[in-house]
Amino acid sequence: MSEITMPRLSDTMQEGTIARWLKKTGDEIKKGDILAEIETDKATMDLEAYEAGTLQQVLVQEGETVPVGQAVARIGNGAGDKGEGVGETTSAQQPASAAETSGDGTGATGAVPTVSVRTSEQDAGQQSTSSYTAQNGSGKAIKASPLARRMAEEQNIDLSQVQGTGPGGRIVRDDIEDVLEQRSASPAPAPTPPAPPQTALVSPAPADAELVKLSRVQLLIARRLTESKQTIPHFYVSNEIDMTDLLAMRQALNANLGDEGVKVTVNDLIMKACALALEKYPEVNSSLKDDHFVRYSHIHVGMAIDAPNGLVVPVIRDANTKGVRSIAREAKALIAKARINRLAPADLEGGTFSVSNLGMMDATHFIAVINPPQAAILAVAATRKLFVPVDGQPVIRDLMSVTMSADHRILSGATVAHFLQEVKQLLQNPYSVLG
Amino acid sequence: MGEITYRQALHDCLREELVRDDNVFLLGEEIGNFEGSYKITAGLLKDFGPKRVVDTPIVENGFVGMATGAAMLGLRPIVEIMTINFIVPAMDQIVNHAAKIYAMFGGQCPIPLVIRTPGGGGQQLAATHSQNLEVWFAHVPGLKVVAPSTPADAKGLLRTSVRDNNPVIFLENLALYNVKGEEPPADYLVPLGQAKVTKEGADLTVISYSRMAAVALNVARRLEQENNLSIEVVDVRSLRPLDHATILASVKKTNRAIVFEEDWRSYGIGAEIAATLQEEAFDDLDAPIKRVASLEVPLPYSKPLELATLTGSKQLIEAINELAPRRRRGKQ
């Protein structure tokens, strides 16, 4: 029998929520079967079975959140189940204990147990031996002081994820305390979900109001936006861009595509224009970190998408080096994934600038909240047909209003205005965007 | 409360016990007319007479055997062995007689015997006159072994030892006799088998006894001021019986321990304490227990070599710096 633990699905993941169990107790499990869907702060992902057996016990119910490394279910071999009942209580008290970790390392735990009935005494003996020689995934023994082991067990810390700084790399109390400190310092660690932004909800909600529990992603969005607006001094610069020529070019681009081709959207062209402008104004493609100005060498442009689960901002990586068709293809795929909540952490990480476009919803003007740690976000409003004076005559043109929100700690009004001029210049001479 | 030397504390206690109980008497080499090699018994022959303060020939096996016989018949002898190095001829009397008689003869007669003797090096007395042989006795069931580090404990433990009905090896230390400390209240008693936390601390525990317990306390106070390290010091005071509860409680709190002893390291007091800690506090240990002891050679006479051989504050500080937890070490 072995335990399935909450996997670490991204670098920053501290805990996960079981969104849905796809298997139930008693189900036969084949290696590779999807057991459950796990919701992290970034995305919803599959929990895959690494060994075959019977799903014996579900330890974490749907909607519950547990730290990485904690057991969420037990898989046993159907034949050995009853015989192993004796030992079950002992191991249940040891979340992510070493026995299971070493089992994962060898991958042989799913085999028929050689001893079908074990006495509790034998079982206890095995427990203590295995906890002493705990192994990490690569089968190498983990060196840790007895105290560090005990603390890790109590705090559900996976020792294979801890860097030991004691003699010979031994994990000692200091290292566990480091992990605990990081946990309490990082934003989403506590078992209690972080409080939603303090909108002064002074009076209790009226009895006839519907209370909808926020998902983890929604909670994260709420917290990050609050943090952004409270800690970053935003300022705003607007401009109007004449899109007439660009719309004509786009029509030509998409005219003879056929069925397989991916149509280039206005947003794809704006993303590309922004990426090119970021090349020219690298200070916009940066972050403030403590006392440093972090200038990113890559230009990864995020695009805000209204997914059913909340706002997500998947990223087009190295957008400045990609052609508009590649961008269009990638954007289309990301949007499709976002619609069904299947974006992977990799899709969401590393953005250096964002574009939020409400143009298709007729918004005439809006301002966006910066997506930290980025320095700026471009809000794109609807393109409208307006009369503009050309050579003293009113002419109908397609005008688009854009507003940039920028971090005034590192960006000046002039820089942002120049950046917008560059975007405007590119979009008004649309063939330069294709370059 | 006034100050008193370790020597004076012992003297006062002997005098008070001689006054209190007519069955108490002293015997040993040069303790009467010469008033003791270290003057602990100064003036006692004059005040109590030759029946209560007995000068003996230089025959340790003889007078320790005599004291054991006297104890069997109801007296309460306090033997002085000039230094622990001279106790060797009396091992048979101590180990095979004094320690066994009560148990072997159906509890017919207890042996209320105290053997006072100083150990310790550092006086340039060379290999045969500078030893710390307490482990030999701490190993033997039927004996009790105490080793106070302060004048108050010396007085409190000696008094309890005299009143105890078992043979007690009362370990003094040459380098402690002139040390001053707080004078305890009259009739102060320290129970045998009870350790004392002489300084509270959070980062690690130093466990010691006798003179090294005093050195440890000094070092701990100094490091707290200089390095901001919070060191707990436990003076076990009794080597047998050993107070497990106090040392365990301390190490369960600090998770790291050093045993600091003047004797040799192998098979020493540190070995016993380390074994006890790993048996009873395994899950609380964050590092292997360190033993800081003297080098295992016959002690050289030469001063520089003697200094290099004996353990002391320098060795303890080095061990503390190695063992102190990383997160506490940095905070200045």
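**Stop 1: Chain A as a whole**

Select chain A and colour it by secondary structure: you will find 12 helices and 18 strands. Here helices (H or I, at least four residues) and strands (E, at least two) are DSSP runs, numbered from the N terminus. A word on what you are viewing: this is a predicted model, in which local features need pLDDT of at least 70, side-chain atom pairs count only at pLDDT 80 or more, and totals for chains, interfaces and linings use all residues. Residues are numbered from 1 along each chain as its sequence is written, while chains are lettered from A and ligands numbered from 1 in the order in which they are written.

Of the 435 residues in chain A, 34% are buried. A residue is buried if 20 or more other C-beta atoms lie within 10 Å of its own, exposed if 12 or fewer, and partly exposed in between, with C-beta atoms placed from the backbone.

**Stop 2: One arginine**

Now select A:Arg295, which lies in strand β11 (residues 292–295) of chain A. Why does A:Arg295 count as exposed? Because A:Arg295 has 12 C-beta neighbours inside 10 Å. Leaving aside residues up to four places away in sequence, A:Arg295 touches A:Pro282 and A:Ser286; two residues are in contact if their C-beta atoms, placed from the backbone, lie within 7 Å. Try the distance tool on the C-alpha atoms of A:Arg295 and A:Val284: they are separated by 8.5 Å.

**Stop 3: Where A meets B**

Show both chains. Here 11 residues of chain A are in contact with 10 residues of chain B. On the chain A side, α4 (146–154) and α5 (173–185) each give two or more residues, and the largest share, 4 residues, comes from α4(A).

**Stop 4: A sheet in chain B**

Move to chain B and find the open sheet of 7 strands, in the order β3-β2-β4-β5-β7-β6-β12, with mixed pairing. Two strands pair if DSSP finds at least two bridges between them. Which strands are at the edges? They are β3 (53–55) and β12 (238–240) of chain B, each pairing on one side only.

Next, select β6 (residues 144–146) and β7 (residues 168–173) of chain B, which pair in the parallel sense over 3 bridges. Within this pair, B:Val145 stands opposite B:Ile169 in β7(B).
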